[in-house]
Amino acid sequence: MTLLSSITSPEDLRRLTPQQVETLAAEIREFLVSAVSRTGGHLGPNLGVVELTLAMHRVFDSPKDSFVFDTGHQAYVHKLLTGRQDFSALRKRDGMSGYPSRAESPHDIVENSHASTALSWGDGIAKANVVRGLRDRHVVSVIGDGALTGGMAWEALNNIAESQDRRLVIVVNDNGRSYSPTIGGMAHHLSTLRTTRGYENFLDWGKRTLSRSGAPGRFAYEWLHGLKKGLKDVVAPQGMFEDLGIKYVGPVDGHDIEALEHAFVRARSYGAPVIVHVITEKGRGYTPAEQDVADRFHAVGQIHPETGLPVAPSRFGWTSVFADEIVKIGRRRTDVVAITAAMLHPVGLAPFAEAFPERTFDVGIAEQHAATSAAGMAFAGLHPVVAVYATFLNRAFDQVLMDVALHKAGVTFVLDRAGITGEDGASHNGMWDMAMLRIVPGLHLAAPRDEATLREALRHAVDIDDAPSVVRYPKGAVVAPIPAIETLDGVDVVARHDAVPAKKTKAGVGATRKVLLVGVGSMTGTAMAAGEALAAHGVEVTVASPTWVLPLPSALAKLAGEHDLVVTIEDGIADGGVGSLLGQRAVEAGITVPVVPLGLPTVFLDHMTIDQVKTTHRLTAQDVTRDALTALALL
């Protein structure tokens, strides 16, 4: 029996000897590499916090003490120590979530995987504890140095510092990285703290030397120690944190359990907000991760545990198309600049950065700043391209609306992983963008269906200089080309199907009915398959795939008027989506044809595969066919 298998709760952990804890740390790393290599998931971040999480659970008392993990992708070790050791279905339907989950355990609090929120959560919980008179518990917020580049974290720090009655311990997990190496002033400051031991060394020298001089020497040492604020300003810059009024402990070796426990005991006993600065190594203990310069195996698919190589080679993806095309655009247009929010490699901007380093800006995990900074660049004569995951644009909606759109700024937003992303769950699905951006005046939004339309949309987007433009594409591999058979006033028609002769039709609808299927972006293939099925039921079908869906092409409403029924299929929420907008525009144009908008419900989606999401929420070709036939039967 391994030590790990004997741990069913944090109480078991506290009974171990220091030597046993070291053995357990090694077992946890072996388990993580073995388990995550089979399922995929966040490997590097969890390998880096093994000792840190062990020390937290040995000193604090979860769930009475609240643990809040910023972003949450480093919570696998926490799960192992709180009774969840079945990783066989990690990130799979009905299996364990890849992030903290209240449904799984009372030890989990924050399920949202968006960064820079843990300090605000911790502040709120700590305030509530004070109001309720609960003085016997602490809040421990773990935040990475990358997440500290987010403005929300600094808003929280400013607020936390105003009161000394909150038992809040802020653990800065400093590995010099978010996805990629962390950038910015905060990163440089923490880097200095990592490498500066002058203050500690000076005090150690003073204690050794002056203490030998009897009472006068001891007095001198205490006097010097009392000047620690001034000394820190000279030989170590951690005074910045104490300028905020928050006690600072560290830097602490994040892989030294004894040192971590000592630091946490000090922080726990202080009774007011404390920052514990911990230095860790992302991917620690797994050679392939340690040697991965790009992101230290931040997230992996299925890999061979011995080598770290993928089990199956990845297919050419949408992100790769963007990466290639934006470099071509950059060569042609010297005014085009690129902005990323700490995700240079994941969103495909690394090739652009290599080709044009002076025109690439990584702003850290600060989407709001990215959008408004882009508006400033546009005003000054550049055309910024802001590339983010679709789910993270939610955070910058006000800036898109009031800084970019209101000022008619020519800024292009490229939304990777738009629509359904699957295994990462509720907070990562990029399903909100079209309904959200639909209300932004003047905004142009493209939902390309294949490689050719993505490249064309990008080229057109950077030519729009008087309004925000958005190009969205899904997660995964690029589909086979879907050429247009004709284009009607800018709307691509990708298929037409005559009704199968009546004697060959199945029971149901007459062959004289005409249906327009509108596939939005990645749902075009579904619309085409449904079109073939409807034709087999005696229905005449047109399948349209408009690349630019906002503003809604007037030709689409006109085309709708030539049919008996319109069914739209999109991978965003149906309420307020493109289909809903088409129905509204048809009514405004006096077109009475019914429009059935199919899309995702306005709910948070559980983690499962993309195909499982589509099946669960009736977005398969068979579902579209049945819904169209049902609607026709009611006409």
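A: We start with contact, which means heavy atoms within 4.5 Å. Helices (H or I, at least four residues) and strands (E, at least two) are DSSP runs, numbered from the N terminus. This is a predicted model, in which local features need pLDDT of at least 70, side-chain atom pairs count only at pLDDT 80 or more, and totals for chains, interfaces and linings use all residues. Residues are numbered from 1 along each chain as its sequence is written, and side-chain values use heavy atoms, with hydrogens and water left out.

Q: Which residues of α4 and α13 meet?
A: On the α4 side they are E51, L52, L54, A55, M56, R58 and V59; on the α13 side they are I257, L260, E261, F264, V265 and R268. To sort them by class, Ala, Val, Leu, Ile, Met, Phe, Trp, Tyr, Cys and Pro count as nonpolar, Asp, Glu, Lys and Arg as charged, and the others, Gly among them, as polar. The contact of α4 with α13 then has nine nonpolar, no polar and four charged residues.

Q: At what angle do α4 and α13 pack?
A: Axes are lines fitted to C-alpha atoms, for helices over the stretch in contact, and angles run from 0 to 180 degrees between N-to-C directions. Helix α13 covers residues 257-270, and its axis is 9 Å from that of α4, at an angle of about 45°. Angles under 35 degrees count as roughly parallel, over 145 as roughly antiparallel, 65 to 115 as roughly perpendicular and the rest as oblique. The angle therefore makes α4 oblique to α13.

Q: Is the crossing of α4 and α13 left-handed or right-handed?
A: A crossing is left-handed if the near helix is turned anticlockwise from the far one by less than a right angle, and right-handed if clockwise. For α4 and α13 the crossing is right-handed.

Q: How do the axes of α2 and α4 cross?
A: Helix α2 (residues 18-39) and helix α4 (residues 50-59) have axes that come within 10 Å and cross at roughly 130°. That makes α2 oblique to α4. The crossing of α2 past α4 is right-handed. From α2, the residues V21, L24, A25, I28, R29 and L32 meet V50, E51, L54 and R58 of α4. This contact divides into seven nonpolar, no polar and three charged residues.

Q: Is E51 buried or exposed?
A: Buried means under 20% relative accessible area, exposed over 50%, partly exposed in between (1.4 Å probe, protein chains only). E51, which lies in helix α4, has 5% relative accessibility and so counts as buried. Leaving aside residues up to four places away in sequence, E51 touches A25, R29, G254, H255, I257 and L260. E51 and V21 are 30 residues apart in sequence, and their C-alpha atoms are 8.7 Å apart in space.

Q: What is the strand order in the open sheet of five strands?
A: Two strands pair if DSSP finds at least two bridges between them. The order is β1-β2-β3-β5-β4, with parallel pairing. The edge strands, each pairing on one side only, are β1 and β4 (247-253). Neighbouring strands of this sheet are turned by 20° against each other on average, direction ignored. Strand β2 (residues 139-144) and strand β3 (residues 168-174) run parallel and are joined by six bridges. V142 has V171 in β3 as its bridge partner. Helix α13 packs on the sheet, touching β3, β4 and β5 (274-279), and its direction makes about 170° with that of β4.

Q: What is the strand order in the open sheet of six strands?
A: This sheet has the order β12-β13-β15-β14-β17-β18, with mixed pairing. Its edge strands are β12 (486-488) and β18 (595-600), each pairing on one side only. The twist from one strand to the next averages 25°. Strands β13 (residues 491-497) and β15 (residues 540-544) pair in the antiparallel sense over four bridges.

Q: Where is the cis peptide bond with omega of about 10°?
A: That bond joins S62 and P63. P63 is found in the loop between α4 and β1 (66-69).

Q: What is the phi of D94?
A: The phi of D94 is near 65°, a positive value in a residue other than glycine. D94 counts as exposed, at 79% relative accessibility.
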